Amino acid sequence: MTHQPDAAESAAAPYDAVLVLSFGGPERAEDVLPFLRQVTAGRGIPDERLRIVGQHYYDRGGRSPVNDLGRALAAALRDELGARGCPLPVALGNRNWEPWLVDALRELHDQGARRVVTVVTSAYSSYSSCRQYRENLADAVAALHAEGRDLAVDKVRVYATLPGFAGTMAELTADVVAGLPGERLGTTRVAHVTHSIPTPMQTGSGPVGDDEEGYVQQHLRVARLADEAVTARTGHEVPSALVCCSRSGAPGQPWLEPDVNDHLEQLAGEGVTDVVVAPIGFVSDHMEVVYDLDTEAAATAERLGLRLHRVPTVGTHPDFVAGLADLVLERAAQARGEEVQAASVAGPALWSVCPPGCCRGRTERPALCGG
């Protein structure tokens with residue numbers, strides 16, 4: 001094993017490793033159905049329905065882009081931390097497929113890690129985008145403790161308002177709008193897209209009783225920042241809306257709306273010529289982006305005669321990776337008991353230790369990294 005510097009010698013102390021925690025996805029066609037069973041466990045969805053959903057993966061050889069994107073982000077973050085004099089191991093672990101979260105933590109422990117800081121590949125607060133990951137961390141650490149492995153795990157703060165995320169997404173959106181012919185800006189609209197969630201999950205997102213810091217509210221702040229960047233770059237106030245994709249619940253269950261395809265239908269009826277689709281709810285081009293937007297929404301736009309222009313996700317953009325490195329070092333300073341000036345745009349800096357009851361689910365389950 002290569003020598004790792006003592007954590008006390010590093011600005012990342014007390015952490016001696018970083019975990020990038022992602023959703024996960026299948027790597028081969030034969031993985032698709034077991035993966036979907038894992039994701040939907042306990043919901044009683046028959047395999048026939050899962051095979052229909054799985055067609056999105058089968059059309060791409062059964063391989064989701066999400067694992068490769070997670071590996072690329074972990075490698076970029078490792079390089080950024082190394083360049084700052086913090087050569088920590090950075091591992092990828094998934095909730096729903098290999099490399100499994102518990103295996104990634106076990107491997108880090110075998111390499112000598114005893115305190116790990118986690119970066120979740122989701123920027124926003126809700127049960128499915130934050131607390132469920134914290135529950136998975138609690139399960140994994142409990143399993144390791146049962147094996148006699150002593151490991152503590154923290155996570156960086158919710159980063160919807162991080163300059164490296166929100167600011168980068170705003171500038172990428174402005175880049176695309178500014179590239180359109182000036183004479184068409186008057187008939188251009190921006191659609192800020194995120195993953196739909198059940199409306200009760202939205203109601204319970206963020207700290208209990210704080211209606212200003214939930215899932216939708218955080219998105220609206222990022223969308224507003226992007227709109228301001230568009231206006232500053234082009235001199236035009238281009239109208240925008242927050243819309244959703246990837247609804248997956250039962251037909252009678254209320255989820256956040258409007259769906260991006262329904263929104264495109266409405267815009268076409270209003271004489272819009274160009275729609276800039278900004279996937280502000282996602283950090284990389286995984287299936288909800290490459291299928292729901294690049295395939296399905298693109299087909300809808302073509303049918304309606306709309307020009308669709310898709311903004312890149314932040315992915316491994318240098319400013320985003322640098323922002324995540326900032327978060328790791330910020331969380332380390334907090335763990336050392338130091339006062340931290342947390343950088344933020346699009347609203348106040350959010351929390352590293354989630355308040356009690358934050359993003360509550362249907363049942364009470366143990367969750368790490370919370371009050």
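Predicted model: local features only at pLDDT ≥ 70, side-chain atom pairs only at ≥ 80, totals over all residues.

Colleague: Got it. How many cavities of 30 Å³ or more does a search of the whole structure find?

Modeller: The search turns up one. The volume of the largest cavity is about 70 Å³.

Colleague: Which residues line the largest cavity?

Modeller: Its lining is made of Thr118, Val120, Ser122, Ala123, Tyr124, Ser129, Cys130, Lys155, Val156, Arg157, Val158 and Tyr159. Strand S3 (115-120) and helix H5 (127-146) are the elements that each give two or more residues to that lining.

Colleague: And what's the lining of the largest cavity like by class?

Modeller: Seven of the lining residues are nonpolar, three are polar and two are charged.

Colleague: Switching to helices. At what angle do H1 and H2 pack?

Modeller: Helix H1 (residues 29-39) packs against helix H2 (residues 47-58) at about 130°, and their axes lie 9 Å apart. Because of that angle, H1 counts as oblique to H2.

Colleague: Is the crossing left-handed or right-handed?

Modeller: H1 passes H2 in a right-handed crossing.

Colleague: Which residues make the contact?

Modeller: H1 brings Ala29, Val32, Leu33, Phe35, Leu36 and Arg37, while H2 brings Asp47, Leu50, Arg51, Val53, Gly54, Tyr57 and Tyr58. By class, that contact has nine nonpolar residues, one polar and three charged.

Notes:
Residues numbered from 1 in each chain as written. Heavy atoms only, no water. 1 Å grid on protein atoms, 1.4 Å probe; cavity = no way out; pocket = protein on both sides within 12 Å on 5 of 7 lines; lining within 4 Å. Points joined across faces, edges and corners; volume = space filled by probe spheres on them. Helix = DSSP H or I, 4+ residues; strand = E, 2+ residues; numbered from the N terminus. Nonpolar A, V, L, I, M, F, W, Y, C, P; charged D, E, K, R; others polar. Axes fitted to C-alpha atoms, helices over the stretch in contact; angles between N-to-C directions. Parallel < 35°, antiparallel > 145°, perpendicular 65-115°, else oblique. Left-handed = near helix turned anticlockwise from the far one by under 90°. Contact = heavy atoms within 4.5 Å.
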